[in-house]
Amino acid sequence: MASGTLLKFAWLEVTGLCQEFCDHCYADSGPSGTHGTMSVRDWLRVIDELADMGTLDVQFIGGEPTLYPDLTELIKHARARGLGVEVFSNLAHIKPALWDAFAEYDVKLATSYYSDDAQEHDEVTKMRGAHKRTRDNVRKALDMGLSVRGGVVAVRPGQRVAEAASDLIDLGVPHVGGDRMRAFGRASRGAAPTINDLCGHCAHEKAAIGPDGNMWPCVLGRFLTMGNVRQQSVVEVWNSEQAAEVTADIAAVHGDGVAACTPPQFLPMCGPCGPCVPSVGHCDPQEAAALTVGAPS
């Protein structure tokens, strides 16, 4: 087994298509992205295999997962198999039928939020009106009684990250996490990704599956392929020698144990931790620990 543990959680990246084009996007998604080579039948099979393995929760991501035309079918199937479902969306535009599905199948929502200032948020997303649409839909989801998490990523100097987190909290979002920009995808500026920039949780009870069927130890660790679920079953990939090698490579950098927390905007099972909220000052647990050494308790 990749980590000697059950695969409890899986990110399902159903598309690389997104209305926004953020400079820091780890997935390098945008308006020219595609749904990849995974068919609806492939995704339904993956959901069945995850449920049969004892997986507890899945998170549909992208790109922008609400642009995937068969998202409702996947949500319905996952819930029918007893899986908890969260959709990580920019909440820029949700069709009425999807709102109905979110309510009917008790879907949890998570979103990224970059500033309380509309201009600054829109500059990050490169989409005019994104701030208003996201903020309005956060309010709508809360009014509908849906569970909503917010994540604030610090991507530029002087960014109003603390104010962004406070704005979400004032709206009524109960869980707001934060993270620094990590050097993956467009955020790498062409630099090769490194294991050192991961949090260390990768492949520990969790994995990600991309639009072309590749399985990764997490959404950020897509440069570490564990196998492909179009060629093998999920359980075969999870138990593969290749997956074990990836896990060993991560452990060689981060140690046998995993970090105390992961960026909570990515992982719903990890609640916000003290150093992250609401200041978004330090989300690296080791760095936070080092800063608090000798501090009064």
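**Charged pairs.** I began with Lys-8, which forms a salt bridge with Glu-205, the closest N and O atoms being 3.5 Å apart; a salt bridge here is a side-chain nitrogen of Lys or Arg within 4 Å of a carboxyl oxygen of Asp or Glu. This pair links distant parts of the chain, 197 residues apart, with Lys-8 in the segment before β1 (9-13) and Glu-205 in the loop between β6 (175-180) and β7 (206-209). Helices (H or I, at least four residues) and strands (E, at least two) are DSSP runs, numbered from the N terminus.

I note that this is a predicted model, in which local features need pLDDT of at least 70 and side-chain atom pairs count only at pLDDT 80 or more, while totals for chains, interfaces and linings use all residues. Residues are numbered from 1 along each chain as its sequence is written, and side-chain values use heavy atoms, with hydrogens and water left out.

I then looked up accessibility, where buried means under 20% relative accessible area, exposed over 50% and partly exposed in between (1.4 Å probe, protein chains only). Lys-8 is partly exposed at 29%, whereas Glu-205 is buried at 18%.

For Arg-222 and Glu-13 I found a salt bridge of 2.6 Å, N to O. This pair also links distant parts of the chain, 209 residues apart, Arg-222 being in the loop between β8 (214-216) and β9 (227-228) and Glu-13 in strand β1. Glu-13 counts as buried, at 3% relative accessibility.

Within helix α5 (residues 130-143), Arg-139 and Asp-136 lie three residues apart, about one turn of the helix, and their side chains meet in a salt bridge of 3.5 Å, N to O. Arg-139 is partly exposed at 33%, and Asp-136 is partly exposed at 30%.

My search of the whole structure gave 13 salt bridges, and I also noted a network of them that links Asp-42, Arg-45, Glu-49 and Arg-230.

**Nonpolar core.** I took a nonpolar core as a set of buried Ala, Val, Leu, Ile, Met, Phe, Trp, Tyr and Cys residues joined through side-chain atoms within 4.5 Å. The largest one has 73 residues, of which Leu-12, Phe-60 and Phe-102 touch the most other members. Helix α1 (residues 40-53) gives the largest share of this core, seven residues.

Which residues does Phe-60 touch? With contact meaning heavy atoms within 4.5 Å, and not counting residues up to four places away in sequence, the list includes Leu-12, Val-14, Ile-47, Pro-65, Leu-71 and Glu-86. I recorded a second, separate core of five residues, among them Tyr-114, Val-124, Val-153 and Val-155.

**Aromatic rings.** I counted two aromatic pairs, the rule being that rings of Phe, Tyr and Trp (its six-membered ring) pair if their centres lie within 6.5 Å, with planes under 30 degrees apart counted as stacked, over 60 as edge-to-face and the rest as tilted. Phe-9 and Trp-11 are edge-to-face, at 5.0 Å centre to centre and 85 degrees between the planes, and both are buried. Trp-99 and Phe-102 are edge-to-face too, at 6.0 Å and 85 degrees; they are separated by about one helical turn because they are three residues apart in helix α3 (residues 96-104). Trp-99 is buried at 4%, and Phe-102 at 1%.

**Cysteines.** I found zero disulfides, a disulfide being a pair of cysteine sulfur atoms within 2.5 Å. The sulfur of Cys-218 is 3.4 Å from its closest cysteine sulfur, in Cys-202, and so is too far for a bond.
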